[in-house]
Structure formats: C-alpha cells, structure tokens
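Hi,

Here is the structure I promised to pass on.

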Amino acid sequence: MRALVLEKKLQYQANHPDPKPGEGECLVRVLMAGICSTDLQLVQGYMQFRGVLGHEFVGVVESGSAAWLGKRVVCEINCVCRGCDMCLSGLANHCRKRTVVGIDGRDGGFADLVSVPEANLHEVPDTLSDEQAVFVEPVAAAYQTLSQYPFVAKTKATVVGSGRLGLLVAQVLAETGCQLTVVGRNEAKLLLAEKRGVQAVHVDELICRADHDVVVDCSGSPEGFELAMRLVRPRGSIVLKSTFAGEQGVNLAAVVVNEITVVGSRCGSFTEAINALVREAVEVRPMITQTFPFDRAVEAMAVAGRRESLKILLDMRR
Ligand SMILES: [Zn+2]
Ligand SMILES: [Zn+2]
C-alpha cells in the first residue's frame, strides 16, 4: 500500500507492507486525511515517533466484524487496555498502556490502509462529506475545552491563536454565548473567525488587560502561553491546548502570583464533534487551504508547515 512514513526522515512509500489487524481490530481503507500541527511536531522529533503518520482521517471498513463492514467511519485515536487503573476509573484516554494512532506506538492513517480497534470507530452520517469528516478528531479536541471549564454567557474568554485548532475552539465556544475574542497574527485567519461571528483581534492591536475569566491557548508557542498569562484575571483559568515540545524557559511566576488555574486539554468526544458538524455549529470547509493527491504527501506536509496554511488534506481516493 501507499504510506507516508516517518523513519529517519519523512518518506512517501508506494510499497509499504499492509497492516495486520490484531485482536478486536479492523482494517480501514482511508479516503481522506488531514495534516495537523502534531504531525509537523512529530517530524521535528516530538514523541520520538517512528512509523506511518496520521490521526485525522475518514475511511471505509474493509475487513473486520460484520457489523462494521462497508461502513464509513472515523476513529478515536487512543487505543486502550481497559484494565489499568486509569481505564477502570473512567479515564481511558489516559490509559497507562495506551498507544495512539499515528502519534505513539501505532501506525496511523496517512496510508491506504490502517488497522484500528473496532471499539474506537464511529460511523459517519451520510450528510457529512469526507472533507468534513476528516475534521471530527480536531473538533472533538476543541469540544474537550467545554468539559474542562464552565463557559456561560457572562464568561469573558479569549482564544490565543487563530490557527487550525484555535478556529475550531472559537467556533465551539461561540455556541455557549460567552463573551469571546480570538487573538492571532494572520489577517485572513482572523477574518474566518469574524465570518463565524467571533470578535477577532490582531495581536499587535490587543489591549492587554488581566481581566479574562478564561484564556484558551491554542498558539502552539511559549509566547502564546505568556500572552495567556497576561490576559487572564487573578484566580482565572488557562486551558492549555498547545504542546510546544522541546521549548523551555516559560516564566510561570504569574501562575503563582495571580493564583491561575492551568488545565491541560487533549482529546474529546467524537459524538459531540459529529453532531456539531452535522448541525453546522462548526463550519470547517473554509478552513481547507488545499487538498493534495496522496502521492504528493511530502509536499503537502511542507505546505502545511507554512504560516499562512490552515488545514491541508490528503486525498487517497485517487
Ligand atoms: Zn491532530
Ligand atoms: Zn488502560
């Protein structure tokens, strides 16, 4: 099969061995996949990952139990043991023995075929296109923010970062009716937020008052987290969605002095994400910068790394 493989460097392979599904797993034939910042970080050495990249994809179940055969699916990325203390306490996403599709210890979906646990599958409703379905995983990650802070109408909230994840988080928070601003550097991306009815401010024009109840950091940079610390009010919260791997030197004194609650935030509910996409509470199509045929995946990764890019899709259907 074709696959985008990270070994010493990133390689497109036309004849990569097909995956062999393990117990409880099935084979999914990938239709489309999305490139995420995490993929770019993995290439830079994050998690020391080796193997097939890709954790945002939609596909059709090609072999597995009859109940799933032929269904169009998306797949939760945490593959868990169901026996450890985290799994038994209802925190399976934090399973001690987990592998993570295309991120940690398990091949991903930048390939014609991927092997995944059937327990991780969600059927995609016919009303969603393949392009929209690719966004289920990152939209779910955006929804996790809502389960970690009680956003209400009077909540003064800012999203730092108008990139791939920031624009999804902004749309999810907008539905709560909270007083919401997105801060970013790229005018075109800020305009997308405005089109969804979210107030957008360029970072150079931001008046920085420490008066926000909650700041969601989607910047992917230490500078973004520092800005979040300057925006949040004393006793306020920062929801941290950035994994700025390998970066050091963030001064956390403000967290102590202002008694700020910092909450890490990762994966969320696929069910909520699918529902949000179906009712168009989250509009993802304007976020697609470019779609590449799969054999141009290496080039697609390079384009995804450009500042002006939002979502880059890989099309395995051709
Ligand atoms: Zn991702
Ligand atoms: Zn476990």
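Below is what turned up, starting with the ground rules and then going from domains to sheet to core.

This is a predicted model, so local features need pLDDT of at least 70 and side-chain atom pairs count only at pLDDT 80 or more, while totals for chains, interfaces and linings use all residues. Residues are numbered from 1 along each chain as its sequence is written, and chains are lettered from A and ligands numbered from 1 in the order in which they are written.

Domains first. The protein chain splits into domain 1 (3–135 + 284–315) and domain 2 (141–264), with bounds taken from an automatic or database domain assignment. Their C-alpha centres are 27 Å apart. Where they meet, 10 residues of domain 1 are in contact with eight residues of domain 2 (contact: C-beta atoms, placed from the backbone, within 7 Å).

Now the sheet. It is open, with six strands in the order β13-β12-β11-β14-β15-β16 and parallel pairing. Strands (E, at least two residues) and helices (H or I, at least four) are DSSP runs, numbered from the N terminus, and two strands pair if DSSP finds at least two bridges between them. β13 (199–202) and β16 (261–264) are at the edges with a single partner strand each, so one side of each has no neighbour in the sheet.

β11 is worth a click. Five bridges tie β11 to β12, with Lys156 opposite Gln179. Four bridges link β11 (residues 156–160) to β14 (residues 212–217), where Thr158 has Val215 as its bridge partner. Helix α5 packs on this sheet and touches β11, β12 (179–184) and β14, its direction making about 170° with that of β12 (axes are lines fitted to C-alpha atoms, for helices over the stretch in contact, and angles run from 0 to 180 degrees between N-to-C directions). Four of the five residues of β11 are buried, meaning 20 or more other C-beta atoms within 10 Å of a residue's own; 12 or fewer is exposed, and in between is partly exposed.

Last, the core. The largest nonpolar core has 95 residues, and Val136, Val139, Val169 and Leu314 have the most contacts inside it. Such a core is a set of buried Ala, Val, Leu, Ile, Met, Phe, Trp, Tyr and Cys residues joined through C-beta atoms within 7 Å. α5 (residues 164–174) gives the most to this core, with eight residues, and each domain supplies at least three.

Cheers

Technical notes:
Contact = placed C-beta atoms within 7 Å.
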